[in-house]
Amino acid sequence: ESSFCLFPGNGCDYLWDMEQSALYVREHPDECLWLDGNGTYYLGMHFPADMVVRYNPDRIREWFLKLSSFENGNERRKCIRQDTRTYFIKEKMHPLLLEAVEEISKENGQIAVEGLLGKCSYDYSMRQVERIFKDAYGYGPKFFCRKERLLYMIEFLLADSKENIAVEAIEAGYSDRAHFQREFKRFMGMTPGQFVEKSYCTHVI
């Protein structure tokens, strides 16, 4: 039996359980979500951190039910291309966020807020940047960076690299292996070793 893991992140995830007609909505999640597959089919949509969308829950359920009715994958993909803008309304994002998110992603979260301000072309104070991030994500740029660092390390673990985890964690911006393990467990609910073991029989999303 397979299970599914959705990571913490700065974007938004929409996952539709086709068997139970249940919708999982995760906006800028702080915790991973494990779902027992057990033969269940899922449809998913992911919007990255540089997109802010509005939606009506009832209409989204209606749309996923429509998608579930297609037996042909090509028809389903065509419907997604045609309908996404109808059911998910993309809002205009603050220009500072577009620049900041790009810089943070480029550095895998290894950037101080002060350094971030220096790289952006907009002249904002630290307090203004905090407010702009919180308005969009519900938390500040430091927490945003913590999630990006975590995602970088998750990719490293899943790659089954032969590199030393402690060395990689320090290069990723953690003070030492213990710091990385605390952060990992805080978000993922398990140690890195437990995650790697579980990921062998899990589809990660």
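Tutor: The protein exposes about 11,700 Å², and carbon and sulfur atoms supply 47% of it. Accessible areas come from the Shrake-Rupley method with a 1.4 Å probe, and for residues only the protein chains shown count as cover. This is a predicted model, in which local features need pLDDT of at least 70, side-chain atom pairs count only at pLDDT 80 or more, and totals for chains, interfaces and linings use all residues. Residues are numbered from 1 along each chain as its sequence is written, and side-chain values use heavy atoms, with hydrogens and water left out.

Student: What makes a residue count as buried, and what percentage of the protein does so?

Tutor: Buried means under 20% relative accessible area (1.4 Å probe, protein chains only), exposed over 50%, and partly exposed in between. Of the 205 residues, 41% count as buried, because they fall under that 20% limit.

Student: Which side chains are called positive or negative, and how many are there of each?

Tutor: Lys and Arg count as positive and Asp and Glu as negative, while His and the chain ends are not counted. The place of a charge is NZ of Lys, CZ of Arg, CG of Asp or CD of Glu. On that basis there are 27 positive and 32 negative side chains, and the centres of the two sets lie 3 Å apart.

Student: How is contact defined, and what share joins residues 24 or more positions apart?

Tutor: Contact means heavy atoms within 4.5 Å. Residues 24 or more positions apart account for 65% of the contacts with a separation of 6 or more.

Student: What are the dimensions of the C-alpha trace?

Tutor: Along its principal axes the trace spans about 50 × 40 × 25 Å.

Student: What makes a run a helix or a strand, and how many are there?

Tutor: Helices (H or I, at least four residues) and strands (E, at least two) are DSSP runs, numbered from the N terminus. The protein therefore has nine helices and eight strands by this definition.
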